[in-house]
2 protein chains.
Amino acid sequence: MRISQYFLSTLKETPQEAQIVSHRLMLRTGMIAQTTAGIYTWLPLGLAVLKKIEQIVREEQNRAGSLEVLMPTIQPADLWIKSGRYNDYGKEMLRITDRHEREMLYGPTAEEVITDIFARYIKSYKDLPKRLYNIQWKFRDEIRPRFGVMRGREFLMKDNYSFNLDYESARASYQAMLDAYVRTFARMGLTAIPVRADSGAIGGTLSHEFQILAETGESQVYYDEAYETLAPGEITLEKLQSLYAAADEMHKPEDCPVPLEKLKTARGIEVGHVFYFGTKYSIPLGAYVMGPDGKQIPVEMGSYGIGVSRLVGALIEANHDEKGIIWPESVAPFKVGILNLNIKDEATNKAAEDLYHKLLNQDVEVLYDDRDQAPGAKFADMDLIGLPWQIIVGPRGVAQGRCEVKNRKTDERFDLSYDDAIQKIRKA
Amino acid sequence: MRISQYFLSTLKETPQEAQIVSHRLMLRTGMIAQTTAGIYTWLPLGLAVLKKIEQIVREEQNRAGSLEVLMPTIQPADLWIKSGRYNDYGKEMLRITDRHEREMLYGPTAEEVITDIFARYIKSYKDLPKRLYNIQWKFRDEIRPRFGVMRGREFLMKDNYSFNLDYESARASYQAMLDAYVRTFARMGLTAIPVRADSGAIGGTLSHEFQILAETGESQVYYDEAYETLAPGEITLEKLQSLYAAADEMHKPEDCPVPLEKLKTARGIEVGHVFYFGTKYSIPLGAYVMGPDGKQIPVEMGSYGIGVSRLVGALIEANHDEKGIIWPESVAPFKVGILNLNIKDEATNKAAEDLYHKLLNQDVEVLYDDRDQAPGAKFADMDLIGLPWQIIVGPRGVAQGRCEVKNRKTDERFDLSYDDAIQKIRKA
């Protein structure tokens, strides 16, 4: 993509309204534009990242044997009246009256809608287990939206719902989602700690939040230092129930079994939340299956959320420096940026254009800065938007048939021929 | 995908509430489930088709040099008050009051939101032309939702907005979208006729609807018989302005320049709508750029919609027989279905499983009917859901190392070795 034909609008100044670094950088890089309080438009650069994250989440949900569906954003109130929680969400639920005076709402979550569908379609234990998920926009009417996409009102969530015949297999579904979450966050270069959580309006007896440790986190997290040496494969439900980790609303110092010298604490950003709630929804919404003995059994359920749009902010909180964002390669909007330092110099232009076309032909995602701007502005913009690699093409290097490849994260620089530069980027 | 692990729920009976064939077939195949009037959940089979269509639309928008953004579903009323059309939509607009008593709405279209963004980010004629699009859920509170996804309330729309410096280049944007639409529909095997249309609540002086001819269409379309021999490349704005074609609300027999013997008429389904409306939104919303002479110029705009979710229904209207749906290959949920006629026969099972794995390994999208059901039910279901190809694996053929490949559309059948069957499907 040529920047001259792209929608890139970077700001030098820090926007006044943004209190945390991810919000500032998302506005400064033109990833998002606020449309109204807590509601954003995703501009091309931001949307590219959002889609990368969404696709990683989707692939890991599919790998775990879940089926993708798509529920509507607008839900009828009657399902929530049936489940008994129409009032639980209070003012955070965006309530709507349609032209026929029917009560509707913008879904903040979808336990009721999916349980209703299950009840209508699945009739036998032979069709279990089932896990159905969707990646859809949700709405929570936060009283004070802030921190950009980290606590917006309209947000993109992956929500998965598991249906099992009994408690043991429901635990297996819960474990499968724990495994999927660890893999999902690892693919984004994140370590997320699952901590015991309050199950809140979702309800149920078992609940964990996945917290990314970051200074700007909203929660204070307390955890056994043993967490720091836990390998990904060791995150089992048994282990989580024996090792202590809790966010502030669940942490009671007087009840904490971990001696103080082994208790770590840090700020955390919640990026996922998993729940087991048994038959809380299946009984009122009639989600029963015929068991092996011919009797009707209410299904055991759980639900599993990942804040897809929130992850964009969380990733920036975890990956930035004073110059801007440093995207992990798996979620970067482009893999590499080409900086043409003098578009008026014929040889430089030719070298940069050649590199651009060769990379495109090899299916490398490349952003080409072909603007008529000073080198300093181009350096600053490219560091700000944080693509993993840069290829700097200037008249001095071009005179010798060479360019500079820079790693945004390490600041390593390599003086290379054009072909070697392409090879280096391709193999990186 | 194994049907035993999928979410496939077919109905033998025709649902009472469905008046048209696409709605009936979408319910009978379990593509969608109604969540409330005019609001649907997309089940895995339906979502697979929706995503294929969405991706074709996206690729053709990108090919035409448009940039993808993503606007929120919920919009603030103040932008619509500025543009002067807050009342134009009447009761079709779903109006919402948030917890702070601010007036909001669920976007039925997004001219205001995108013009506001343009006004804030683009300042110079040098950044023109720009075309920004998104594929996002919209809401129109239809008084009587019906025909399934064809006239639902929550629907998926691709909406593109063009920004140009003057009328001539605005016409070029309009033409680029006409070309993109012709290509988009052609890739789905559809011929859509662009007819003169009323610009309605969007406004403007130039507007065309793309109509697919189908018996169940909601509009009556009148067109010069010359349309029937028009090659795709000949659909230019000049040609559209010289050749007559209009839907009923624009067709006035007394003014029609086409002699009756050359005037064709048919029912049509609207799948796209393009508008040129000049400065109708740019002036009230302040979308001005600095022109070459330093003066501020309001940008010339157009907008271009495709009903993505509606196309699922329209495609079924255009592609079905008495047995069910006949998917064009480009939008089929799977390319091929394998019917294992006897899962209790070891040799049949082995042959079907082998075929399944070999096709998967070659990245063919395959649905494998591994259920313990009678052959008749499997034949009926596979014809109903309408995958382009079927591979029928039964004990009699397996005894000779052969299977039957069937083309759903032509009903051609081929008695082939397993390897030849795989080759045939791959190359099809």
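## Around A:Asn340

A:Asn340 touches A:Thr348, A:Asn349, A:Ala352, A:Tyr368, A:Asp369, A:Lys378 and A:Val393, leaving aside residues up to four places away in sequence. Touching, or contact, means heavy atoms within 4.5 Å. This is a predicted model: local features need pLDDT of at least 70, side-chain atom pairs count only at pLDDT 80 or more, and totals for chains, interfaces and linings use all residues. Residues are numbered from 1 along each chain as its sequence is written, chains are lettered from A in the order in which they are written, and side-chain values use heavy atoms, without hydrogens and water.

A:Asn340 lies in strand β19 of chain A, residues 336-340. A strand is a DSSP run (E, at least two residues), numbered from the N terminus. Is A:Asn340 buried or exposed? A:Asn340 is buried, with a relative accessible area of 0%. Buried means under 20% and exposed over 50% (1.4 Å probe, protein chains only).

## Where the chains meet

In chain B, 58 residues are in contact with 58 residues of chain A. The two chains bury about 4900 Å² between them, 62% of it on carbon and sulfur atoms. Buried area is the accessible area (1.4 Å probe) that two parts lose on being put together, summed over both. B:Phe7, B:Arg99 and B:Tyr121 supply 15% of the area that chain B buries against chain A, more than any other three residues.

## Charged pairs

Chain B and chain A share four salt bridges. Each needs a side-chain nitrogen of Lys or Arg within 4 Å of a carboxyl oxygen of Asp or Glu. One salt bridge joins the side chains of B:Lys51 and A:Glu68 (2.7 Å, N to O).

Note on methods:
Helices (H or I, at least four residues) and strands (E, at least two) are DSSP runs, numbered from the N terminus.
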